[in-house]
Amino acid sequence: MTRSLFAYGLLAAALLVVDSSAAGEKLLAAQPLIEKPMALEVDMGAARVNWNHQKSSAIEFPEPRDWTAFTGLRVKVRTEKPRDDASVTVWLAEDDGSWYHVKDAVPLADAENEAFLRFDDFVLAEWVAPAGFHLDEDHWLDLKSIKALAIGVINPLGVGTVTFTVTAIDLVKEELPPPPVAKLTVTGKTLSVNGHDIVPAGIFGGFAFDLPQEYRPGCQRGLYPTTRPRIPRQTVARFKDREPAPDWPKLLERLRSGLPLPKFLMAKVDDGETMKRFERLRPPKPDDPKGKEFPPDLARLLNNLLDKPLYDAEAWKGVAIPDALKPRLAALDKLNQTELMELNRRLLEAAFPELPKNPERGPTEAFYIDCFGERKETATYLTRDDWRETLGAWGRAFADNAKKSGCLAVLEFWNEPYLNWADRSGIHYRPELYRVEKAVEGGPVAVRRKDPNAPDEVIPHFKWKKTDKGWRAVDETAFTFWSGKGNGFIYDSMLAVMGKAVKETHPGVLVSGGWGFRWNEDHWDAWRLLYKPTIDRNIAWIDAVHEHHYMGEPIGMHGTYEVLAAYGVTQHNRWLYSLNTETNDLLDSPARGRVEEPEKRQRSKEYRQMVYNLRDCVYGVMQSPDKLLGRTVIHAYKMPEATRVAYGMMKNLRGRLIEAASSDPDVWVVASVDGTDPKAMPPGPGQTLVVFAVNDSNHPRTISLDIAAPEDTRFKAGTIEGNTVDWDTFAIDVKEEKTRPPEGGTPNAHFELKLDSKMAWKASLPLEGAIGERDQVRRRQFFSKDIIQKVRRGKPFATSVALDPETLKRAKRAWLRIVVEGIARGEATVDVGGQSILLPPAYTQDNVTRILDLPLDRATLGPQNAITFSVAPGNHAGYQVDMTSIVLEQRDEEPPRTQLQ
């Protein structure tokens with residue numbers, strides 16, 4: 001149970017002058033919020049459940065309060081049962097109902113516990129709000145309208161009853177100096193990170209063709225059900241039902257006309273069921289709201305034609321064939337299946353102007369992601385006795401087509417199998433898939449094959465369970481709605497067959513395995529149950545691991561990319577790429593209050609998606625150019641303004657990486673030279689230095705930016721752009737202006753900027769000359785083999801990192817790169833090379849990581865480096881270290897290493 005806080009009352013406003021605070025800054029004043037201690041008893045249950053399991057109790061203020069005069073809260077908690085497996089979370093709510101929180105804000109490690117929380121530490125309480133869930137219209141806590149405060153626990157681990165007493169909650173005001181000017185520097189030197197020296201164009205990807213070609217998508221993704229393995233890239237040619245096609249009734253009439261070409265085409269439709277559906281088609285009624293959408297049965301009929309040879313000179317003599325198609329027609333017998341389908345689509349569009357037009361595949365796509373298998377489908381393993389032969393044949397066909405196409409193809413094996421295979425719809429738990437006649441409570445589950453005498457194929461970890469609706473298979477390792485080890489066995493068995501067939505046929509295809517959600521999901525149990533076994537079983541043929549992340553804190557995913565790289569290198573001597581194949585800020589309804597009007601609600605969604613995608617993509621260029629192979633935004637067409645602003649601004653952030661640095665971790669800067677990546681060239685000639693800055697803090701920032709041109713080049717006149725938001729209407733836009741034409745060109749540029757919170761700025765500076773190869777900064781990362789480790793009081797985590805002696809000898813700089821979770825102020829220290837470093841705070845919510853880069857004294861490092869993480873003295877419960885590494889930087893004239901792109 002949770003005892004209500006309402007009975008304890010609130011203290012009238014009063015200021016108490018005090019000397020110091022737990023934050024270490026001078027504390028000017030404190031205002032108590034409660035008049036007497038509040039006892040809570042929170043029953044969190046004994047069984048493991050989903051990560052967002054929370055219990056809380058709230059104080060609701062009679063009127064919204066203005067806390068802008070304060071900088072944070074001081075919370076004191078007493079417990080008779082000190083523990084380190086549960087902590088106290090603090091929530092705050094705006095008057096529109098938007099909840100923000102600091103997870104595990106106050107430890108319960110001692111009898112008396114205290115924490116100081118700055119308001120900037122609070123983040124959106126997504127899926128863990130005390131009273132209902134919805135997203136805020138913006139990205140920060142509005143201190144002018146605080147309506148409620150809540151205290152409780154977020155913990156899914158079955159920790160039982162948590163008891164504590166809140167003895168004080170004080171509003172506090174610190175004497176904080178204003179933030180210094182953020183100093184950004186672009187040196188003009190080319191940059192290589194672990195052998196990768198080009199911005200991965202795939203970061204700016206989308207679903208085909210939801211992200212228009214004008215934004216230069218670096219990759220496209222198509223999704224294929226297993227029953228129709230038309231791969232690679234054949235979904236692009238297919239007609240989509242329900243897409244806009246206002247003249248389709250006229251097309252229907254023409255196809256039924258009996259004229260030579262329609263008659264010739266209809267004779268090639270060999271699917272009887274398709275013809276029956278076509279014959280039943282009727283024009284829409286005038287009031288039909290879907291009357292202008294392409295009917296599924298008409299799309300099915302035309303798609304039935306695409307993989308057959310359609311061109312015949314006599315039959316098509318009345319059709320004006322576009323000149324672009326004539327070379328393909330001349331080489332008709334040499335086209336692979338994908339090329340044939342794309343040609344047929346263009347021929348049909350030429351013959352029938354009523355058809356919806358499909359854009360041409362863009363010249364800037366680095367690769368195409370073919371996703372094989374859909375989450376709502378039963379695994380081939382369970383539906384076909386010849387599943388090995390079938391998957392092997394499909395894999396070889398895919399690889400053959402990819403080899404002939406000449407482009408880089410990525411096979412993404414299955415879309416979100418974590419979801420509908422398991423409890424969300426339970427596709428794989430249906431008794432008809434298994435030998436239910438052998439079912440006994442808790443007994444093994446064997447696959448039903450057509451041959452009744454076939455030996456039993458038992459699914460590991462599946463057990464029979466009798467329910468009120470009959471027998472059902474359950475996975476003994478699953479504790480939430482996603483898959484466990486039983487479904488993992490099915491997935492890994494299939495991937496092993498298809499991945500092997502692909503690689504043996506054409507090693508140039510990239511194979512990606514994964515489960516379609518964050519691999520750090522639910523305290524990293526998604527990694528332990530699913531992702532790690534998939535990697536270990538299929539390491540011989542996988543090149544990448546794919547994930548989906550929606551809403552939440554997108555930049556929190558990049559720490560998981562570091563963990564994947566560390567695991568691949570240290571355990572398998574393989575560099576495994578991360579591949580996001582679905583993402584966006586898909587909020588269904590923003591917060592109440594400020595955005596009740598439908599138009600304003602839509603604009604607030606556009607604003608949030610603009611911010612979400614800009615932050616995720618730019619952060620990926622800054623932190624993960626060597627690890628993030630691609631990122632695929634979904635439903636870009638549903639938010640056209642967000643797409644226009646975000647992807648419009650980023651469309652020329654391509655080409656060779658250029659070294660850039662910021663004095664402030666909350667103000668980001670990245671740079672590249674567009675026109676230097678052969679797979680992502682601009683529409684016009686020449687090279688352009690592109691510099692991107694993002695203010696990721698919660699406050700406006702002043703920025704001083706110095707830019708040097710790459711060696712052998714000088715700047716010409718260019719443009720600067722910045723995105724904007726109107727806070728009254730939430731309308732977003734991009735403002736652009738020309739830079740002053742330099743006199744004869746200049747090698748340096750300087751800008752003084754003021755950026756609002758979460759806003760971006762870009763300079764595009766065309767170059768005279770071409771960048772050279774000599775002046776390069778080279779970084780190389782060396783990993784510890786120990787990942788995902790807890791650090792507790794009295795239980796430090798010790799590891800080590802080995803460095804290449806030659807690289808160490810030539811290094812000019814070094815730093816510790818770590819990925820952490822849940823570090824309070826003053827809580828964590830790390831000792832490395834004789835240096836003791838106090839880690840900065842890193843408050844993180846569930847499923848979020850934080851990357852920290854900490855400078856090291858190069859002279860203290862050796863070939864073997866012991867590293868120890870500890871909990872600092874004081875009232876602290878501990879934290880988590882997900883990845884540990886050392887980065888060495890050298891500046892020399894070696895030629896850049898080649899990379900996968």
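Helices here are DSSP runs of H or I with at least four residues, strands are E runs of at least two, and both are numbered from the N terminus. With that settled, here is a look at a predicted model, where local features need pLDDT of at least 70, side-chain atom pairs count only at pLDDT 80 or more, and totals for chains, interfaces and linings use all residues. Residues are numbered from 1 along each chain as its sequence is written, and side-chain values use heavy atoms, with hydrogens and water left out.

Let's start with the second largest pocket. A pocket is an open set of points on a 1 Å grid over the protein atoms alone, where a 1.4 Å probe fits, with protein on both sides within 12 Å along at least five of seven lines; lining residues have an atom within 4 Å of a point. The volume of this one is about 1,400 Å³, counted as the space filled by probe spheres set on the points. Its lining has 41 residues, and the closest to the centre are Leu 223, Thr 235, Phe 239, Lys 240 and Asp 241. Helix α4 (296-306) and strand β13 (219-224) each give at least two lining residues, with α4 supplying the largest share, five. By type, the lining splits into 17 nonpolar, eight polar and 16 charged residues; nonpolar covers Ala, Val, Leu, Ile, Met, Phe, Trp, Tyr, Cys and Pro, charged covers Asp, Glu, Lys and Arg, and the others, Gly among them, are polar.

On to salt bridges, meaning a side-chain nitrogen of Lys or Arg within 4 Å of a carboxyl oxygen of Asp or Glu. The whole structure has 61 of them.

| Pair | N to O distance |
|---|---|
| Asp 616 and Arg 631 | 2.8 Å |
| Arg 644 and Glu 641 | 2.8 Å |
| Asp 853 and Arg 817 | 2.8 Å |

Asp 853 sits in strand β39 (residues 850-856) and Arg 817 in strand β36 (residues 813-821), so this pair ties together parts 36 residues apart in sequence. Arg 817 is buried at 8% relative accessible area, while Asp 853 is partly exposed at 35%; buried means under 20%, exposed over 50%, and partly exposed in between, using a 1.4 Å probe and protein chains only. Both residues also belong to a salt-bridge network with Glu 562, Asp 626 and Lys 627.

Asp 616 and Arg 631 are both buried. Arg 644 and Glu 641, by contrast, are three residues apart in helix α14 (residues 640-650), about one helical turn. Arg 644 is partly exposed at 28%, and Glu 641 is partly exposed at 31%.
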